[in-house]
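Subject: Handover of a structure, with notes

Dear colleague,

I am passing the structure below on to you, together with notes on what came out of it. Please read the notes with the structure open beside them.

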Amino acid sequence: MCGRYAAGRGPEELVGLFGVQKWEPEETLAPDYNVAPTKQVHVILERPLKDSGDPAPVRQLRTVKWGLVPSWAKSPEGAARMINARAETVHEKPSFRRAFAARRCIVPADGYFEWVTGAEERELEEKGRKKRPRKQPYFVTPADGSVFAMAGLYEFWRDRTLPDDHPLAWWATCTVITTEAETGPLGVAPADGPRTLAEIHPRMPLMLTPDRWDEWLDPAHTDPAGLRSLLVPPPEGLMRAYPVATAVSNVRNNGPELLTELEAPEEGTLF
């Protein structure tokens, strides 16, 4: 799954990286090194500009809330449960299939956080002990320092309790698509710890390589089979993973220090 990620790149950098043609400076978000569900996040999408009269899609940098609310939902209460969509079933699930066909986006990140349970804590669990396991967080990021372009979907939901001209009458939300974690060797593995992403967690965000960005974002591309072919995980060996401080486990902590690499997992959280 993807339940926390880092987004430290500014809008100007994202505009250049993704060839964005339109963005609103007032929607600019500050760098966020501990992005959690229901937060506002940047996404890249293509759609006609509102009130422009031109039906041609324009690549835009937009701000949406992480946690998808389907257009048909009676309320937004389930958004926190819709942060991820499985690549294997996204085309058929009622909550995602309409967005998959017409409202796809890229969620840019520096990388994502995932937690593994320490060996000693796993032994306690296996013996039936009730002690809550202490988990070591790892940061997973492209080994070459490039952007982690997570495949995503976006939706619009109308709050019928508010008038049309109310600024909160429409919700814009998104979800991140996940896939099975790689079982091949990491591009750069930690000296002491997991050797593959699957050893950290069985799922991971699906990263789109640059050669897939245009086709994924194109709203004219609606063929389910063709779209599903884009959801193949990237080649193995592109990622690195390293241990970071358990401070990231508290969503109130936020800063670039959360990405600092530890020489070894924290005491009590050995892999």
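Glutamate 261 is partly exposed, because its relative accessible area is 41% and that class lies between buried (under 20% relative accessible area) and exposed (over 50%), with a 1.4 Å probe and protein chains only. This residue forms a salt bridge with arginine 240, the closest N and O atoms being 2.9 Å apart, where a salt bridge means a side-chain nitrogen of Lys or Arg within 4 Å of a carboxyl oxygen of Asp or Glu. The pair links distant parts of the chain, since glutamate 261 sits in the segment after β13 and arginine 240 in strand β13 itself, 21 residues apart. Salt bridges with shared partners also join Arg9, Glu13 and Asp110 into one network.

Before going further, please note that this is a predicted model, in which local features need pLDDT of at least 70 and side-chain atom pairs count only at pLDDT 80 or more, whereas totals for chains, interfaces and linings use all residues. Residues are numbered from 1 along each chain as its sequence is written, and side-chain values use heavy atoms, with hydrogens and water left out.

On the overall form, the protein has 5 helices and 13 strands, taken as DSSP runs numbered from the N terminus (helices H or I, at least four residues; strands E, at least two). The radius of gyration is 19 Å, close to the 18 Å that the globule rule gives for 271 residues, so the protein is as compact as a globular protein of that length; the radius is taken over C-alpha atoms, and the rule is 2.2 Å times the number of residues to the power 0.38. Along the principal axes, the C-alpha atoms fill a box of roughly 60 × 40 × 35 Å. Buried residues make up 48% of the 271 residues, and the accessible surface comes to about 13400 Å², of which 51% belongs to carbon and sulfur atoms (Shrake-Rupley method with a 1.4 Å probe; for residues, only the protein chains shown count as cover). Of the contacts (heavy atoms within 4.5 Å) with a separation of 6 or more, 72% are between residues 24 or more positions apart.

Returning to the salt bridges, a search of the whole structure finds 10. One of them joins arginine 59 to glutamate 46, with the closest N and O atoms 2.7 Å apart; arginine 59 belongs to strand β5 and glutamate 46 to strand β4 (residues 40-47), 13 residues apart, and the pair thus links distant parts of the chain. Both arginine 59 and glutamate 46 are buried. In another, the side chains of glutamate 155 and arginine 103 meet at 2.9 Å, N to O. Glutamate 155 lies in strand β10 (residues 148-158) and arginine 103 in the loop between α2 (97-102) and β7 (104-109), so this pair ties together parts that are 52 residues apart in sequence. Glutamate 155 has a relative accessible area of 4% and is therefore buried.

Strand β13 (residues 239-243) is mostly covered, with 4 of its 5 residues buried. It runs antiparallel to strand β9 (residues 135-142), to which 5 bridges join it, pairing being called when DSSP finds at least two bridges between two strands. Within that pairing, tyrosine 138 stands opposite proline 243.

Some loop residues are also worth a look. Threonine 38, in the loop between β3 (32-35) and β4, has a positive phi of about 80 degrees although it is not a glycine, and its relative accessible area of 42% makes it partly exposed. Serine 95 lies in the loop between β6 and α2 and counts as buried at 16% relative accessibility. Leaving aside neighbours within four places in sequence, serine 95 is in contact with Leu68, Pro70, Trp72 and Met82.

With kind regards
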